[in-house]
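Hi,

Here is the structure I promised you. Have a look at it first, and then read on for what turned up in it.

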Amino acid sequence: APRKAAPAATRRAARPADGTAAAQGRADGPATAFRRASLEDAVRRLGGSIRLLDGMRSVLVEVGPGALVPGAARDRDVVRIFYADSGRQLVLDQQRLTLDGDSAAGGPASVGMAPGDTLLTGGPGGEVRMRWVDRYGFWLSLTARVGADTLRRLAARVR
């Protein structure tokens with residue numbers, strides 16, 4: 001017997017397992033999780049420019065709400081780029097801020113940092129995270145299970 005189409009409410013509730021934008025139910029409201037994106041889409045979301053780890057090839061690009069990333073501006077999307085290096089996973093998160101300093105307008109004050117500020121923190125399982133705002137208005141966060149000195153050297157390669 002032919003299969004009947006699921007009711008509209010059931011079709012909307014179905015979620016693909018691959019984490020794509022379709023899985024986020026954009027029509028049902030704002031995104032509540034990270035979703036796969038192309039590098040081109042990530043560049044568009046960041047106003048035409050993106051930061052990458054020099055000399056490394058990304059393995060995955062995602063976009064998600066800033067509210068899910070500690071230290072990020074809650075009202076702006078975060079572009080997340082995954083890298084693999086000698087069996088280690090590196091994660092570079094970034095947002096484009098305005099340089100006017102107004103927290104309501106998405107300036108550096110919205111993330112509690114000024115251009116040039118750097119914050120290094122430790123996390124579960126030996127994870128180290130470095131956050132900073134560059135002089136061009138990018139909020140950046142690099143996370144990996146490496147020592148603090150290694151993370152600083154990696155962060156120096158972000159361009």
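The lining of the largest pocket has 4 charged, 3 nonpolar and 2 polar residues. In this count Ala, Val, Leu, Ile, Met, Phe, Trp, Tyr, Cys and Pro are nonpolar, Asp, Glu, Lys and Arg are charged, and the others, Gly among them, are polar. A pocket is an open set of points on a 1 Å grid over the protein atoms alone, where a 1.4 Å probe fits, with protein on both sides within 12 Å along at least five of seven lines; a lining residue has an atom within 4 Å of a point.

Before going further, please keep in mind that this is a predicted model: local features need pLDDT of at least 70, side-chain atom pairs count only at pLDDT 80 or more, and totals for chains, interfaces and linings use all residues. Residues are numbered from 1 along each chain as its sequence is written, and side-chain values use heavy atoms, leaving out hydrogens and water.

Which residues line the largest pocket? They are Arg80, Phe82, Gln89, Val91, Asp93, Glu127, Thr143, Ala144 and Arg145. Strand β4 (88-96) gives the most, with 3 residues, while β3 (77-85) and β7 also supply at least two each. Strands here are DSSP runs of E with at least two residues, numbered from the N terminus.

Is Thr143 buried or exposed? With a relative accessible area of 12%, Thr143 is buried, since buried means under 20% and exposed over 50%, with partly exposed in between (1.4 Å probe, protein chains only). Beyond its neighbours within four places in sequence, Thr143 is in contact (heavy atoms within 4.5 Å) with Gln89, Leu90, Val91, Glu127, Val128 and Arg129.

Now look along the rest of β7, where 7 of 7 residues are buried. On one side are Phe138, Leu140, Leu142 and Ala144, and on the other Trp139, Ser141 and Thr143. β7 runs antiparallel to β4, joined by 7 bridges, and Leu142 is the bridge partner of Leu92. β7 also runs antiparallel to β6 (residues 128-133), with 6 bridges; two strands pair if DSSP finds at least two bridges between them.

Ser86 is exposed, with a relative accessible area of 71%, and its phi is near 50°, a positive value in a residue other than glycine. Most residues other than glycine have a negative phi.

Happy exploring!

Note on methods:
Helix = DSSP H or I, 4+ residues; strand = E, 2+ residues; numbered from the N terminus.
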